[in-house]
2 protein chains.
Amino acid sequence: MTLPFDALETWAAEVLTAAGASERGAALTAQACVRANRMGLDSHGVVYLETYVRRLRSGVVDGRGEPEVVEALPTLALIDGHFALGAQVGTFAMEWCCEHAEANGIAAAVTKDSSHFGAASFYSERAARRGCIGMVFSNADPGLAPEGALSAVLGTNPIAVAAPPVDGVLPSLDMAASVVAQGRVTLAAKRGEAIPPDWALGRDGRPTTDPVEALGNTMLPAAGYKGFGLAFVIDVLTGCFGGGLVSPELVEERGAAQLFIALKVGAVSNQRSYERRLRELVAAVHDAPRAEWAPPFLVPGEREARTAYDRGPAMDLDEATLTLLRAIGEECGVPFPVSAAG
Amino acid sequence: MTLPFDALETWAAEVLTAAGASERGAALTAQACVRANRMGLDSHGVVYLETYVRRLRSGVVDGRGEPEVVEALPTLALIDGHFALGAQVGTFAMEWCCEHAEANGIAAAVTKDSSHFGAASFYSERAARRGCIGMVFSNADPGLAPEGALSAVLGTNPIAVAAPPVDGVLPSLDMAASVVAQGRVTLAAKRGEAIPPDWALGRDGRPTTDPVEALGNTMLPAAGYKGFGLAFVIDVLTGCFGGGLVSPELVEERGAAQLFIALKVGAVSNQRSYERRLRELVAAVHDAPRAEWAPPFLVPGEREARTAYDRGPAMDLDEATLTLLRAIGEECGVPFPVSAAG
C-alpha cells in the first residue's frame, strides 16, 4: 500500500493533537517524522509516533509546553523547553539562531528541559535553507559504552552539520556517536540474524554477534574512543553548558539538552567564494578516481536526497508499519486514512 | 637518554628562529610540539620540527608572516594567516575568540591562508583554561577516501573540543577524521608488521593489511561514511566558510583553513550548574559498572593527562629521534643540547 506523504503528515499531526499536543507542536513533529520517511530515515519516521503519543499521554512530554528564551545575549540564548515536543523546541531554537546570525554572522542557542527531537538534520537543514551553516548537538538516553561495560554509559548523542546548497547539492551530515542505531539490532533480533561484532556488547561486556544478547546490554561507540569522546563532549556542550541534564540522567529523553549554532555564509567572507569552494569540494568527491567496481562517491546528505527523489510524493507502507499506524489511529480516535491510500 | 621538556622547548624555538621564524612564531610552535610530547602525542611532537624547518626554508610557510583580522563583526572574525606558522595563527585566532566571548558568551574566528598547526587540542585547551568551551576544526592535506578510491580525496580534518576542568579533569577530545594517523602505517611498514584491514586501502582501492601497499594509496575514514562526512563538513566550516582553500587543494598544508569557536561557561547558565553537571558526567564514566577484566573508563583527555603526569619533567628520547634531532640541529646551526641531557 502507498500513501501520499502529505496525507501521512496531516494524519500524523491530527494524531498528535488528539494525544494532547499544541497545534504548532503537532505540526512540526509530524513534519519532522514525515520528512525522515521521505529521506529514507524510517527509524525516525512515523513509527516514532507511537513513542510521542505514549510520552504525551504519560506526561513525559508536555504537549502544551512552549519553549521560552530565559537568558539572552545578542548572539547567545538559553532556551527553556518546558518539556515541550522536541521538534517545537528545536525549531524555535534554530530560528532564533538564524535570525540573530543574520546581522551578527553567528548565533547559538542552548536548550534545557527539551525532549526527543527526531533527526538532528531537520534543524541543521532549516538553517542551511536560510543561508547559514547549521550545527546541531543533542544528548539522548544512555545507549553506548566502551568494551567491558555492563550497561550503557552515555547517550548516542548526535551531531549534525548542514550548509547552504550549491548546484542543488545541500551538504548535510547527521551522525549518532554509536556505530549504528539500536533499531538495527532490534531488527536483526526479529529476523534471527547475527550482527557484526563491532556493533554491540553482550551481557558479559564483550562484543557479541547475537542481537538478543546485545539488546540486554549496550551499543558500542562509532570508531571506539572517538565515538565515546564525541558523545562525552556533546554532553558538555549541551547539558553542562546550558545547566540542563546530562545523558546518564535521561529517561525517555525527558529534559534532553541541545546546542544549535548558525554561521551566516557571506558574513565575513563572501557568498561567491563560498559557492566556488563548495563546488570544488563537491567535484573533488564526485570526480575522485575510483576502481571500476566502486559505487559513486557521495557528499554527505546526497544519499538521503536521492532517496527522497526516488520515493517521490508517496510512501510504500509495509504490513507491519500499517498495523502499527492503524493501532495508533484507533487509540487516538483518528482513523488511519485508508481512503487516501492507493 | 632523557632531556627536560623545558630544554627541549628552548632548543626547538632556537631551531625554528634559525630557520626563519619570528620570535613569537617560533616560541608558540616549539610550545605546541613539546606539549604534544609531554602528553604522549609524539607524532605531533618535536619530530615535526623537520617538517616545519623544511617548509620555512622552502617558503611554504612564511616565518615573518603575521596573522591579521581582515573582517570583524562583534562575535565573528575572518583572520588572514598570511601563511605564518599555524601555531601562531591558531593561538591568535583562539585568543580573539576568548576575548570576544567574555562579554558576548560566544565568538568564532575562521582563518584562511594558515598552515599546519599541530594538535588541535593545543587551541581548544587554551580556551578551556580561560573558562570557555573551545571548539576547533581544521582542514589538512588529502589523506582519506572511501573504499574503492585510487587516491586520497579529503583531508584527515580534525575536530577538537575542550572544556573548563572540574576536580582536575579537563575534558578534551581531539580526533582526526581518519581511522588512525598515517604515521602508524609508516611505523608498521618500517617494522614489517601487518596493519588491521580497516585502516587503509591498497593500490586497487580495496582494504589491505600490507602497510607498504597502504602507503601507495590512502587511509580510510573513521567509522566509514561518518568519518568521510565529518571530513567533508569540516572543509565546509573552514575553507568554504572563510573563502580559503579546501582540503583537495592543499599541498604541505599551505593555505590550510581553520574554524575556532569559544563558548563562555556561565554566560547564560551559571558556573556552578556547569560544574555540578560535569562532575556527574565524569562520575558516570568513572563509576560505570564494568567487567572485572576491563580497564578503567576514561573521560576524553584523561589518558593524555595521565601520560603527562607519568612522563614528568623530562622525556626519554630513543636513538632514532635523537639522530633526527641532532641532524636538524646541525642543519640549523643550533646544536642539540647534549649538555642538558642526562
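**Sheet, helices and chain contact**

Student: How do strand 2 and strand 3 of chain A pair?

Tutor: Strand 2 of chain A pairs with strand 3 (residues 76–80) of chain A in the antiparallel sense, over 5 bridges. Two strands pair if DSSP finds at least two bridges between them. Strands (E, at least two residues) and helices (H or I, at least four) are DSSP runs, numbered from the N terminus. This is a predicted model: local features need pLDDT of at least 70, side-chain atom pairs count only at pLDDT 80 or more, and totals for chains, interfaces and linings use all residues. Residues are numbered from 1 along each chain as its sequence is written, with chains lettered from A and ligands numbered from 1 in the order in which they are written.

Student: Which residue is the bridge partner of Glu68(A)?

Tutor: Asp80(A), in strand 3 of chain A.

Student: And what is the strand order in the sheet?

Tutor: The order is 2-3-4-12-5-8-9 in chain A, an open sheet of 7 strands with mixed pairing. Strand 2 (68–73) and strand 9 (172–175) of chain A are at the edges with a single partner strand each, so each has one side without a neighbour in the sheet.

Student: Which strands does helix 8 of chain A touch?

Tutor: Helix 8 (residues 225–242) packs on the sheet, touching strand 3, strand 4 (106–114), strand 5 (132–138), strand 8 (159–162) and strand 12 (256–264) of chain A. Contact means that C-beta atoms, placed from the backbone, lie within 7 Å.

Student: Switching topic: at what angle do helix 2 and helix 4 of chain A cross?

Tutor: Roughly 90 degrees, and the axes of helix 2 (residues 23–38) and helix 4 (residues 86–104) of chain A come within 7 Å. Axes are lines fitted to C-alpha atoms, for helices over the stretch in contact, and angles run from 0 to 180 degrees between N-to-C directions. The two helices of chain A are therefore roughly perpendicular, a label for 65 to 115 degrees.

Student: Which residues meet there?

Tutor: From helix 2 of chain A, they include Leu28(A) and Ala32(A), and from helix 4 of chain A, Ala87(A) and Thr91(A) are among them.

Student: How many residues does each chain put into the contact between chains A and B?

Tutor: Chain B gives 69 residues and chain A gives 70. Helix 8 of chain B supplies the largest share of the side of chain B that touches chain A, 13 residues. That side has 47 nonpolar, 14 polar and 8 charged residues; Ala, Val, Leu, Ile, Met, Phe, Trp, Tyr, Cys and Pro count as nonpolar, Asp, Glu, Lys and Arg as charged, and the others, Gly among them, as polar.

Key
Angles under 35 degrees count as roughly parallel, over 145 as roughly antiparallel, 65 to 115 as roughly perpendicular and the rest as oblique. Two residues are in contact if their C-beta atoms, placed from the backbone, lie within 7 Å.
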